[in-house]
Amino acid sequence: MRVLITGGAGFIGSHLCDYFLSKGHSVVAMDNLITGDLRNIEHLFGQKRFAFVQHNVTNFIHIPGPVDAVLHFASPASPRDYLELPIPTLKVGALGTHKALGLAKEKKAIFLLASTSEVYGDPLVNPQPETYWGNVNPIGPRGVYDEAKRFAEAMTVAYHRYHGMQVRIVRIFNTYGPRMRINDGRAIPNFISQAVRGQPITIYGDGSQTRSFCYISDLVDGIYRLLRSRENQPVNIGNPYEMTLLELANEVKRLTRTRSKLVFRALPEDDPKIRQPDIHRATHLLRWGPHVTLSQGLSKTISYFRQALRKR
């Protein structure tokens with residue numbers, strides 16, 4: 001296949017570039033670098049089956065030649081981004097999805113949308129199955145991301161129903177691993193960077209809110225399986241092992257052997273209290289499940305962060 005990956009210089013997008021190339025496919029990575037980083041894909045420059053295009057996908061997308069699949073992963077994706085980039089977040093979810101769908105329609109390509117567990121908002125159901133419609137505050141500080149992704153899903157399904165396009169929708173739960181931004185603002189980058197530096201580890205709220213963390217290689221495998229399937233409805237991809245953020249902070253402390261103390265700050269508005277994927281559909285439809293344990297994944301991520309912090 002020849003695939004276009006929007007957001008290809010980002011955390012997940014860059015790992016997808018690696019994976020598709022390893023499978024023998026050709027990859028065009030597209031990114032405007034608003035949150036992406038060329039360092040994530042610089043090792044791919046010079047490969048004949050890889051090309052990079054710097055472009056904002058909210059504008060018309062033109063790719064010469066055949067394209068077999070469009071994977072739309074362009075978007076700011078952390079709570080810090082939502083506060084600093086609210087309009088670009090909304091635009092890439094709405095206009096960017098429209099432009100990427102238009103290209104896929106023109107090329108008769110499969111369209112895969114990177115959606116998110118944030119479509120469930122602060123859920124009243126746990127774990128969250130794909131049939132749950134969510135509990136989202138559309139005008140809260142997280143609404144720009146939540147509603148952008150919900151709109152993107154609606155548009156993707158509309159293209160499937162009206163134009164008969166082959167579409168895939170992956171609802172991604174908390175994912176971590178090498179190439180996450182040090183200043184990303186999410187729990188694992190925060191905890192690791194603070195622990196490695198010997199700084200106090202900041203926990204928002206009392207730490208009782210739960211998350212489920214999936215290592216990047218497991219996520220990418222699930223996305224590839226979904227693309228190769230015939231499933232047009234949303235599928236959760238994530239690790240169902242649920243833990244509190246306090247438990248996560250203590251595990252990071254153990255693995256980094258830091259003496260950092262835990263400090264507690266006020267919980268941000270609309271921060272979800274629980275998060276756990278129901279992955280029965282992924283297990284049944286894709287024969288997929290996570291394999292990397294939290295300690296294994298965190299150890300690899302900590303090693304990456306140590307090297308990245310030394311270079312700063």
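Reply: Val170 has Val235 in β11 as its bridge partner. The model is a predicted one, in which local features need pLDDT of at least 70 and side-chain atom pairs count only at pLDDT 80 or more, while totals for chains, interfaces and linings use all residues. Residues are numbered from 1 along each chain as its sequence is written, and side-chain values use heavy atoms, with hydrogens and water left out.

Strand β6 (residues 167-172) pairs with β11 in the parallel sense, over 3 bridges. Two strands count as paired if DSSP finds at least two bridges between them. Strands (E, at least two residues) and helices (H or I, at least four) are DSSP runs, numbered from the N terminus. In general, the strands of a sheet pair through backbone hydrogen bonds, either parallel or antiparallel.

The open sheet here consists of 7 strands with parallel pairing, in the order β3-β2-β1-β4-β5-β6-β11. Its edge strands, β3 (50-54) and β11 (235-237), each pair on one side only. On average, neighbouring strands of this sheet are turned by 20° against each other, direction ignored.

Two helices may be considered next. Helix α3 (residues 86-107) lies across β1 (2-6), β4 (69-72) and β5 (110-116), and runs at about 175° to β4. Helix α4 (residues 143-163) packs on the sheet, where it touches β5 and β6, and its direction makes about 155° with that of β5. Such angles run from 0 to 180 degrees between N-to-C directions, with axes fitted as lines to C-alpha atoms, for helices over the stretch in contact. Contact means heavy atoms within 4.5 Å.

Ile223 is in turn one of the residues that touch the most other members of the largest nonpolar core, which has 60 residues. A nonpolar core is a set of buried Ala, Val, Leu, Ile, Met, Phe, Trp, Tyr and Cys residues joined through side-chain atoms within 4.5 Å. Buried means under 20% relative accessible area, exposed over 50%, and partly exposed in between (1.4 Å probe, protein chains only).

The loop between β4 and α2 (79-84) contains Pro76. Pro76 counts as buried because its relative accessibility is 4%. Leaving aside neighbours within four places in sequence, the contacts of Pro76 include Thr35, Val92 and Tyr145.
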